[in-house]
Amino acid sequence: MNKEDIKSIVELLANPKRIAIIPHRSPDGDAMGSTLALYHFLLKLNHVPTVIAPNEFPDFLAWMPGSEKVLIYENDRENTSKILQDAEVIFTLDFNALHRTGEMEKVLSQLQVPFVMIDHHQSPESYAAFTYSDTNFGSTCEMIYNFISFLDKKQIIDKTIATCLYTGILTDSGSFRFPKTTGTTHRIIADLIDLGVENTQIPIWLFDNSSYNSVQLLGRALQNMIVIPERKTAYITLSQKELDEFRYQKGDTEGIVNYGLSIKGIHLAAIFIEHRDENIIKISFRSQGNFDVNQFARNHFNGGGHINAAGGKSYENMENTVSKFKNLLSAITI
């Protein structure tokens, strides 16, 4: 973010304002961590911030400070639309294209107030008056830490803000295992722990708080895993019938795709999940090394993301979607 933009944002936030903060649809730990961290930060500057998520976030994030204040657009379109229309500034975090908000795009695209985009994904759109976009970062939360520092307000970061930032960095870095985890990332984490973050407890709240049904669903997913050793690939399928059998709740399939990469010699993992209510197959891709799943998802599965972690969707049935994926494997180098 250049000095002129920083100066303009400082001026923009000099007086209390009504501010809306938006994560992407189906928000993950980084999306919720960054929006809630910014929410608490703006509260301390005497603004009137509101976090509006396009749809529900997973239960395993409901412990985060301020999560009970988050409004859900799909649950109350009239009220949330009015808040958006009355907002004087809009922050969009952890996404860079308005279609990532689903139906909220219709409202957001008509607003005439300044947008501030903070995001670490590729190919940002140009809807924002101020854009802080950098694919070198492993999480938007790390960028929010920098953003607060740019505004010369680092001293405002307290345990509450630090907890939200820690959560997003932890989840989007794969518990500090992904390639974009740098020495700077760990220095930021050290600062957050020094502010009182419960770094030994947060992983328990995030990863060790599963329901019995979600563990059973994981078992079924692992039973369904197909390994293609000659293509260094593993993939998992979950049908709507299987989701229903184990009483699927939002967030229950989070992280399952990573099990494929835990197998020796596997460099590409995918999971295909049927969602009949949306008439789509939702897809997650993960890779190790140089294979770019972001470009793969963009080119073939209506998606995108990062080089080693991306998502997509298919409007065909499960059989045809998996068949397409397997046919594509023969034409790529992994």
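1. In this predicted model, helix α12 (residues 293–300) has four buried residues named here: Val 293, Asn 294, Phe 296 and Ala 297. Around the helix axis they span an arc of only 165 degrees, which means that they lie on the same side of α12. An α-helix has 3.6 residues a turn, so residues three or four places apart point the same way.

2. The cover over the buried residues of α12 includes the strands β9 (268–275), β10 (280–287), β11 and β12, together with helix α13 (318–329).

3. At the start of α12, the backbone nitrogen of Asn 294 has a side-chain oxygen of Asp 292 within 3.0 Å. Following α12 comes Asn 302, with a positive phi near 50 degrees.

4. Asn 308 is located in the loop that joins β11 (304–305) to β12 (309–314). Asn 308 counts as buried because its relative accessible area is 19%, and the cut-off is under 20%. Its side chain forms a polar contact of 3.0 Å with the side chain of Ser 287. Beyond its neighbours within four places in sequence, the residues in contact with Asn 308 include Pro 179, Phe 285, Gly 289 and Val 293; Val 293 is also one of the buried residues of α12.

5. The second largest pocket holds about 270 Å³ of space. It is lined by 15 residues, of which Lys 250, His 275, Asp 277, Glu 278 and Lys 282 are the closest to its centre. The lining comprises nine charged, four polar and two nonpolar residues. Helix α10 (residues 240–245) contributes the most to this lining, with three residues.

Key: Residues are numbered from 1 along each chain as its sequence is written. This is a predicted model: local features need pLDDT of at least 70, side-chain atom pairs count only at pLDDT 80 or more; totals for chains, interfaces and linings use all residues. Side-chain values use heavy atoms; hydrogens and water are left out. On a 1 Å grid over the protein atoms alone, a cavity is a set of points where a 1.4 Å probe fits but cannot get out, and a pocket is an open set with protein on both sides within 12 Å along at least five of seven lines; lining residues have an atom within 4 Å of a point. Grid points are joined across faces, edges and corners, and a volume is the space filled by probe spheres set on the points. Helices (H or I, at least four residues) and strands (E, at least two) are DSSP runs, numbered from the N terminus. Ala, Val, Leu, Ile, Met, Phe, Trp, Tyr, Cys and Pro count as nonpolar, Asp, Glu, Lys and Arg as charged, and the others, Gly among them, as polar. Buried means under 20% relative accessible area, exposed over 50%, partly exposed in between (1.4 Å probe, protein chains only). A polar contact is a pair of N or O atoms within 3.5 Å; within protein, one must be able to donate a hydrogen and the other to accept it, and residues adjacent in sequence count only if both atoms are side-chain atoms. Contact means heavy atoms within 4.5 Å. The arc is that of the directions from the helix axis to the C-beta atoms.
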